[in-house]
Protein chains: 2
Amino acid sequence: MSLLNLAIVGATGAVGTEILAVLEQRNFPVGRLLPLASPRSAGKTLSFRGEPVTVQALEENAFEGVDLALFSAGATRSREFTPSALRSGAIVVDNSSAFRMDPEIPLVVPEINGANIREDQRLIANPNCAAIILCMALAPLSSLGRIERVIVSTYQSTSGAGALAMEELLEQTRGYLANEEPAPEAFQWPIAFNLFSHNSEVEENGYNGEENKLMTETQKILGRPDLKISATCVRVPVLRAHCESVNVQFDRPVELTSVRDALAEFDGVELCDDRDSNHFPMPRECTGEDNVRVGRIRHDQSTPNAVELFVSGDQLLKGAALNAVQVAELMAPRVR
Amino acid sequence: MSLLNLAIVGATGAVGTEILAVLEQRNFPVGRLLPLASPRSAGKTLSFRGEPVTVQALEENAFEGVDLALFSAGATRSREFTPSALRSGAIVVDNSSAFRMDPEIPLVVPEINGANIREDQRLIANPNCAAIILCMALAPLSSLGRIERVIVSTYQSTSGAGALAMEELLEQTRGYLANEEPAPEAFQWPIAFNLFSHNSEVEENGYNGEENKLMTETQKILGRPDLKISATCVRVPVLRAHCESVNVQFDRPVELTSVRDALAEFDGVELCDDRDSNHFPMPRECTGEDNVRVGRIRHDQSTPNAVELFVSGDQLLKGAALNAVQVAELMAPRVR
């Protein structure tokens, strides 16, 4: 494959930083790397493959000669700058919520629906982190029966709220241990040794923004707009891997061995379900790992045809940067 | 009320310490206070109402003259020593799992089923912490319709595993911030900035010990052996308040205003459900509080007749010591 000129929008953020690392690690065919960020960050030097690269200011004409642009700078900047990137001929992978629910834009987890991208698509949306991680656990199971209903409660790490939120967890924890009063900034409530309902606003239907994203994006990724789903999203004092407690109800009885086999065989999923040693998915072990781990697999005793699962995945990797780079890999052959 | 001679078994543990504080705070009519603990802790001095009291070794003849004994030293010691306490004429409130599911022994949350204790009962079991907190949220709702099914995922603090586990969370967190490798002792897995499936063993049915307690005790406390319930219990890096994400399905539609009213009116429950300011139950605010807080009240969009709730309560207070002392208050008039 020929080398591609890549723009990384939001290159200094938590996800942008991780995208650079994933591109290196996966040996993505990068020709010129163009890190873009707010004027405040412009001029900073990043390292890529051992070479220094200078962060440029994100502006309309920044995308000349760019083949592929990965956006991770929030929905507002995506809405403002993806049109210029597309006009410059770049393919865009957008990690924000700006276009995810647009019926014309594919919302892609490569292992699940990467094969469905139409030939003419130039803009691909990268899903919400909690939705990716949930779908990685659900998609393998759709071969066992029709999934009728999903009830999920999340344990979401601070990385989903950005690099400053991760720093706030560490700083505030240091403060707590020194008997200081916390002064929350990134979050509304203290996060050290605490947890709280996700920091997105509660919307008309009583679910918060994150829950609505998780529910609607899961329906779209799985191609199941009719899927019944209810989510509770909670922020926990963990740095960068999310967990999810998931109840999955099928239209027929399923064997636990079939559930385990389907999960173990699926690309990007790792079974972690050792009852004897009480070893199940946990953030500490999933941090830095590409695979989403699934375990605590058991029948739900309260109803026929349902199973319980516990899932963990690195929010910055499969939940964001890794998935975006995988989408870029899928799209690379389409660069004109 | 005349003064009672009280034995506190496990007086130096996390719950025992809290029982002493609750007895003081509620001005329980204590005559003589007898703190009992393992021979290792005997001779230590505790403070009660500003007076020093010496810890005595727990042994068969320790209960002479004791009117009421509160046991919080684990199931093995309860099985071994409650018979001597009962033979000495004491009423026993047992905080262990030893007798909770014995059909002859009442499992009591005073606000819910305190009125049902038979006149001849001398031994009362204090429920599992997660079960008490769940039942405090469910009991008020049983006036709105028959509860058909409950799905609960917990966020359980370290205090439920004892004082050493709380200390381990703090010490390990200090270590993490200083780049030290964690050396877990109280828990099998590192707890600092991590979370994991509850540390009890996974049993035959695929649920772990804590989940089975939570499910069967909830059925017993609510007097609903037929209640369909599925639980996932998870340990989180929080010190002493548990949270629970609860999906409650009724046999009929329920109005959210009725849910809120029923919760707000129930003794020991506090509504914490402010959507506009994103203020919902959280461990930091529930620590040291007697009431169990309930919020995030919304209809479950995935099925008719179900509501979602988020609950938090101090594991050491309503989840253990406070409930035990409330039971002791109920039983005090029965002292012979």
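By what turn and what shift along the axis can chain A be laid on chain B?

## How the copies relate

Chain A goes onto chain B with a turn of 180° and a shift of 0.0 Å along the axis, at an RMSD of 0.0 Å (least-squares superposition on the C-alpha atoms of residues with pLDDT of at least 70 in both). That is the relation of a two-fold axis. The same surface serves both copies, with 100% of the contact residues of chain A recurring in chain B.

This is a predicted model, where local features need pLDDT of at least 70, side-chain atom pairs count only at pLDDT 80 or more, and totals for chains, interfaces and linings use all residues. Residues are numbered from 1 along each chain as its sequence is written, while chains are lettered from A and ligands numbered from 1 in the order in which they are written.

## Where the chains touch

Chain A puts 49 residues in contact with 49 residues of chain B (contact: C-beta atoms, placed from the backbone, within 7 Å). On the chain A side, the elements that each supply at least two residues include β9 (147–155), α5 (163–177), β13 (241–250) and β16 (306–314). Helices here are DSSP runs of H or I with at least four residues, strands are E runs of at least two, and numbering starts from the N terminus.

## Inside chain A

The contact takes 14 residues from domain 1 and 20 residues from domain 2. On the domain 1 side, α3 (110–113) and α9 (317–331) of chain A are the elements giving two or more residues.

Definitions and conventions. Two residues are in contact if their C-beta atoms, placed from the backbone, lie within 7 Å.
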